[in-house]
Amino acid sequence: MLSEGFLWILSLFNSLFLIFLSVYFLITLADLECDFLNASTCCTRLNKYILVEVLFTCVNPLLMVFNMHWIKFLIHLPLSCFLANRYLSRSAGSIGLYDPTEIHNRGKLKGFMKENMCKIGYHVVFFLVNMYSLIFYMVA
């Protein structure tokens, strides 16, 4: 079991890193949409950080379980399960989740951008929740 202060500091920095990573994904996808990048370069850049995103997203629920914060664990769990499932269910022969030959088909680019906007909102909310929890712990 971790100390409460250390838990909230780790959670806070984890959320901050995930915000920056999601913003990076969104900027890279926006560059692809505006034709500043080609599809191959964009997908290569994004696929490098998919596993990092999945692992860092799965750290917060584990931290909450170790310190028995069950409500926050249950709130963190859906995004972690979604990202882990998406990463593990990709096809065996594909380059990664972002495929340069498929990214412009059927509105996938817009879908990826909407997904990243939702992830940014999710991570900002939990950054603020973790900051509140850290401040509450320090005051008490």
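**The surface and its nonpolar patch**

Modeller: The protein chain exposes about 8,100 Å², and carbon and sulfur atoms supply 73% of that area. Accessible areas come from the Shrake-Rupley method with a 1.4 Å probe; for residues, only the protein chains shown count as cover. This is a predicted model: local features need pLDDT of at least 70, side-chain atom pairs count only at pLDDT 80 or more, and totals for chains, interfaces and linings use all residues. Residues are numbered from 1 along each chain as its sequence is written, and side-chain values use heavy atoms, leaving out hydrogens and water.

Now the patch. Phe17, Leu51, Leu55 and Phe56 make a nonpolar surface patch of about 340 Å². Patches take residues with over 30% relative accessible area and no salt bridge, and nonpolar side chains (Val, Leu, Ile, Met, Phe, Trp, Tyr) are joined within 5 Å. A salt bridge is a side-chain nitrogen of Lys or Arg within 4 Å of a carboxyl oxygen of Asp or Glu.

Helix α3 (residues 50-66) gives the largest share of the patch, 3 residues. Leu55 lies in this helix, α3. Leu55 counts as exposed because its relative accessibility is 51%. Exposed means over 50% relative accessible area, buried under 20%, and partly exposed in between (1.4 Å probe, protein chains only).

Step back to the whole chain. The protein chain has 5 helices and 0 strands. Helices (H or I, at least four residues) and strands (E, at least two) are DSSP runs, numbered from the N terminus. Of the 140 residues, 39% count as buried.

Key. Patches are made of residues with over 30% relative accessible area and no salt bridge: like charges are joined within 9 Å, nonpolar side chains (Val, Leu, Ile, Met, Phe, Trp, Tyr) within 5 Å.
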